[in-house]
Amino acid sequence: MDSFSTLIRTASHEQHVVAETSSFMSDLLGGRLGVAAYARYTEQLWFVYEAMEAGADRLAADPVAGPFIRPELLRLAALERDLAHLRGAGWRAGLSALPATRAYADRVRECAECWPGGYVAHHYTRYLGDLSGGQIIRDKAERTWGFTRKGDGVRFYVFEGVSNPAAFKRGYRELLDAIRVDDLEKQRVIAECKEAFALNTAVFRALGEEFPLSA
């Protein structure tokens, strides 16, 4: 019988591929969009991670979500440094969420407040993605727009507290396998994982409409 970490990865594979092959991400990673598009994307991430991390301290004691709350994963402070670099010191005044981003952040916040299993689904899709595919985005951003390697502008993708990403991801999957929920709840978590990818894809679609190079 497959482990839960295998089930969740397999079940969400199709949605994952759709998200990472969106026209916006393809154009961004292909170097066909300017730094303004990258800054706008980074801005949207701020809203999602603000929702992810606002309730993290409270969830740290939760038997289901608590084991996943790891300080070395937290991204909000790094995002804010990146936005200050990309937008200037007054970046907060110009911060605006796309409707798709608002829906995504609202769902994350709802799970953080009411459903620890659902929060784990969003935690998994975000942080493990940042540790994996996020490194491709960092490398492309450094090459395309000349950011200092692992410096301001790409700090969101730099996990200084994770010295061995491969080992960390193995440990994370072991936490998933040991999650303290029954089989029915595991199915709900998998469904929420798919929903997380769908919400993320909707943000990419909205960004693609704002920066329609592939049209």
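Q: How many salt bridges does the structure hold?
A: The predicted model holds 16 salt bridges.

Q: Okay, which residue does E110 form a salt bridge with?
A: E110 pairs with R107 in a salt bridge, and the closest N and O atoms of the two are 3.1 Å apart.

Q: Where do E110 and R107 sit, and what separates them?
A: Both belong to helix α7, which covers residues 99-114, and because they are three residues apart there, about one helical turn separates E110 and R107.

Q: And why does E110 count as partly exposed?
A: E110 has a relative accessibility of 42%, so it counts as partly exposed, since that class lies between under 20% for buried and over 50% for exposed. R107 is also partly exposed, because its relative accessibility is 22%.

Q: Switching to helix α9, what separates R138 and E142 there?
A: R138 and E142 are four residues apart in helix α9 (residues 134-145), which means that about one helical turn lies between them. Their side chains meet in a salt bridge, with 2.9 Å from N to O.

Q: Are R138 and E142 buried or exposed?
A: Both of these residues, R138 and E142, are buried.

Q: Which residue forms a salt bridge with D139?
A: That partner is R143, with the closest N and O atoms of D139 and R143 lying 2.8 Å apart. D139 and R143 are both in helix α9, where they are four residues apart, about one turn of the helix.

Q: Is R143 buried or exposed?
A: R143 is exposed, with a relative accessible area of 65%, whereas D139, at 28% relative accessibility, counts as partly exposed.

Q: Which residues do salt bridges with shared partners join into one network?
A: The residues joined in that way are R40, E43, R87 and E210, which make up one network of salt bridges that share partners.

Q: New topic: what is phi of K150 near?
A: Phi of K150 is near 60 degrees, which is a positive value in a residue other than glycine. For context, most residues other than glycine have a negative phi.

Q: Where is K150 placed?
A: K150 lies in the loop between α9 and α10, the latter being residues 165-177. K150 is partly exposed there, with a relative accessible area of 37%.

Notes: Residues are numbered from 1 along each chain as its sequence is written. This is a predicted model: local features need pLDDT of at least 70, side-chain atom pairs count only at pLDDT 80 or more; totals for chains, interfaces and linings use all residues. Side-chain values use heavy atoms; hydrogens and water are left out. A salt bridge is a side-chain nitrogen of Lys or Arg within 4 Å of a carboxyl oxygen of Asp or Glu. Helices (H or I, at least four residues) and strands (E, at least two) are DSSP runs, numbered from the N terminus. Buried means under 20% relative accessible area, exposed over 50%, partly exposed in between (1.4 Å probe, protein chains only).
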